[in-house]
Amino acid sequence: MLRLDTRFLPHFPDALSEHAPILLGAREALLAKRKDPQSMLGWMDLPEDTETLRLIRRYREANPWVEDFVLLGIGGSALGPKALENAFNESGVRFHYVDHVEPEPVLRLLRGLDPRKTLVNAVSKSGATAETLAALLVFLNWLRENLGEDWRRHLVLTTDPTRGALRALAEKEGLEAFPIPENVGGRYSVLSPVGLLPLAFAGVDLEALLMGARKANELALAPLEENLPLKTALLQHLHRHLPVTVFMVYSKRLEYLPAWFVQLHDESLGKRDGEGNRVGTTAVPALGPQDQHAQVQLFREGPLDKLIVLVVPERATEDLILPQVEGLEEAGYLFGKGLFQLLKAEAEATYQALAEGGQRVYTLYLSEVSPYAVGWLLQHLMWQTAFLGELWGVNAFDQPGVELGKRLTFALLGRPGYGP
């Protein structure tokens, strides 16, 4: 379950009624684009794709030997899988993410892996991502040198259904390759094979994850009074004059989720609108209670330039009761209490302190940190972002600034067709 708390924003119910026409208009405009195959709205349908789920589960069952899973990918090809695997890995498979091009960490990883027990998954929608191709060159050579002709069993690709260098490699070498739907962009792809394949090896309950995402879909199409994504989109819209959006999660298991949200929010909404105006707010990641000792001082008493979103679990899946220990009487107020009780108290205290300090803040409560609840949250945030694109007059599914950086990188490296 996902629950919105706006107790410190008392005028929000009136604002919701006042803005009903533009919110419903934004939803209507977004949904009207679903008929266009170029609209990149395929992420809406991913929770219903049971056939892909079946194929991925079959592949996992056919490869029980995997002890180390190496994901070669960057941005949307890695952030979502990393966030969810970190939260729910129960399989014992060790995961490694090559989402950078610094040589020393890559060499350290290679020296510690047993190629006979390692599965490498290269992930790139275009098949042309420079960082991913560079990592693939290294790991492909490593597999061939160590495994001979058996190397093919240790490499699986996730890429475009028909085009690109990775698809061509798969067809030439007879490699297993899972398709990323053509109408799904990278930062919206966590519930496609981009995320589902590694999560299958992590032992995550994929059915529950997708079931939660289907609940988010249901609410996104519901009347306004029940429509959670339209409500949080409005909260973001009402505070668009504040340049910073803090996304603070009170769960160590979800510590990588804010990084996923930062890309989703910033890359989708930091654009020029139809009139050429620069729009967007800057998302900042935070982890509670860790950042109560790092960033909350600034959040509370620094500039009033932030909208702060807390994500807080309402109950623990397991708790740990604090014992009474002789000689530590000063900690007596903790004796007999659960660690989760302390976590909840710190989240509530931060919520109140931020509001009393004048910051604009609301909370999304997760029923618990489970695949169902987190699947709901992920799909909710994708709907929120898509609605904001309509409200702010930008295309939430392209990234022209990123593409410029790619072209300049290619030119500096001497790729044909990208020189001066």
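**Ground rules.** I count residues from 1 along each chain as its sequence is written, and side-chain values use heavy atoms, without hydrogens or water. The model is predicted, so to speak: local features need pLDDT of at least 70 and side-chain atom pairs pLDDT 80 or more, while totals for chains, interfaces and linings use all residues.

**Overall build.** I looked up the secondary structure and got 15 helices and 12 strands (DSSP runs, H or I of at least four residues for helices, E of at least two for strands, numbered from the N terminus). The C-alpha trace spans about 65 × 65 × 40 Å along its principal axes.

**Contacts.** A contact is heavy atoms within 4.5 Å. Taking contacts between residues at least 6 apart in sequence, I see 77% joining residues at least 24 apart.

**Cores.** Which residues have the most contacts inside the largest nonpolar core? They are Trp43, Trp260 and Phe397, in a core of 93 residues. A nonpolar core is a set of buried Ala, Val, Leu, Ile, Met, Phe, Trp, Tyr and Cys residues joined through side-chain atoms within 4.5 Å. Helix H14 (residues 371-392) gives the largest share of this core, 13 residues. I then checked Phe397: leaving out residues up to four places away in sequence, its partners include Trp43, Tyr188 and Ala386. Another core lies apart from the largest one, with 24 residues, among them Phe139 and Leu143.

Definitions and conventions:
Buried means under 20% relative accessible area, exposed over 50%, partly exposed in between (1.4 Å probe, protein chains only).
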